[in-house]
Each structure stands twice: as structure tokens, then as C-alpha cells.
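Please keep the sequence and the coordinates at hand while reading.

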Amino acid sequence: VKIIDTLQVLDSKKIYMIVTRDERMIKHCCNHPDNPELLLCTSPNYPDFTLRKEDVFSVYEVTLKICEV
């Protein structure tokens with residue numbers, strides 16, 4: 001993973017690890033189109049949801065994924 005310094009540069013095509021006080025999650029994220037204080041988080045396995053930016057402690061871009069063959 002690579003640390004992301006600002007939430008303003010998130011790319012919805014990339015995968016991120018989001019760290020909040022209560023959770024750690026791997027999601028596609030982008031800035032919410034209607035509310036600049038929110039992130040829109042998506043995943044192929046779960047419904048989309050929003051997350052308040054103030055609740056985010058840190059964000060990391062996932063740069064490598066290891067899979068079983």
C-alpha cells in the first residue's frame with residue numbers, strides 16, 4: 001500500500017484501504033458528487049455507502065494484490 005496524503009485526489013478506479021476509528025476496509029472510493037464532506041465507497045460484494053471524511057484516520061492506495069493461482 002501507499003499512503004495517500006489528501007482525500008481530494010481519490011480515483012474511483014483504484015482500490016484503497018480506508019482506516020477509521022472502528023473499521024478497516026478495502027474499497028473503491030471517490031469524492032461524493034453532491035457533498036464535498038463525504039466519500040462514496042463501492043465494492044463489488046457490498047452495497048455502496050457514504051463515509052464522512054472527518055471519520056477517516058488514514059487512506060492507503062492498494063498497489064499490489066496477491067492471489068492464489
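Glu37 is exposed, its relative accessible area being 58%; here buried means under 20% relative accessible area, exposed over 50%, and partly exposed in between, with a 1.4 Å probe and protein chains only. This residue sits in the loop between β3 and β4, where strands (E, at least two residues) are DSSP runs numbered from the N terminus. Beyond residues up to four places away in sequence, Glu37 touches Leu51, Arg52 and Lys53, contact being heavy atoms within 4.5 Å. From Lys27, ten residues away in sequence, Glu37 is separated by 18 Å, C-alpha to C-alpha.

The model is predicted: local features need pLDDT of at least 70, side-chain atom pairs count only at pLDDT 80 or more, and totals for chains, interfaces and linings use all residues. Residues are numbered from 1 along each chain as its sequence is written, and side-chain values use heavy atoms, with hydrogens and water left out.

The strands form an open sheet of six, in the order β1-β6-β2-β3-β4-β5 with antiparallel pairing; two strands pair if DSSP finds at least two bridges between them. At the edges are β1 (2-4) and β5 (46-52), each of which pairs on one side only. The antiparallel strands β3 and β4 are joined by four bridges, and Asn31 has Leu39 in β4 as its bridge partner.

Which residues form the largest nonpolar core? Twelve residues make it up, among them Ile4, Leu10, Tyr16, Cys29, Leu39 and Val59. Such a core is a set of buried Ala, Val, Leu, Ile, Met, Phe, Trp, Tyr and Cys residues joined through side-chain atoms within 4.5 Å. Leu10 is in contact with Ile4, Tyr16, Cys29, Cys30, Leu39 and Val59, leaving aside neighbours within four places in sequence. In soluble globular proteins, nonpolar side chains tend to be buried together.

Five salt bridges are found in the whole structure, each a side-chain nitrogen of Lys or Arg within 4 Å of a carboxyl oxygen of Asp or Glu. Lys2, Lys14 and Glu61 are linked in a network of them. Lys2 and Glu61 have their closest N and O atoms 3.7 Å apart; Lys2 is in strand β1 and Glu61 in strand β6, 59 residues apart. Glu61 also meets Lys14 at 3.8 Å, N to O. Glu61 counts as buried at 12% relative accessibility, whereas Lys2 is partly exposed at 45% and Lys14 is partly exposed at 35%.
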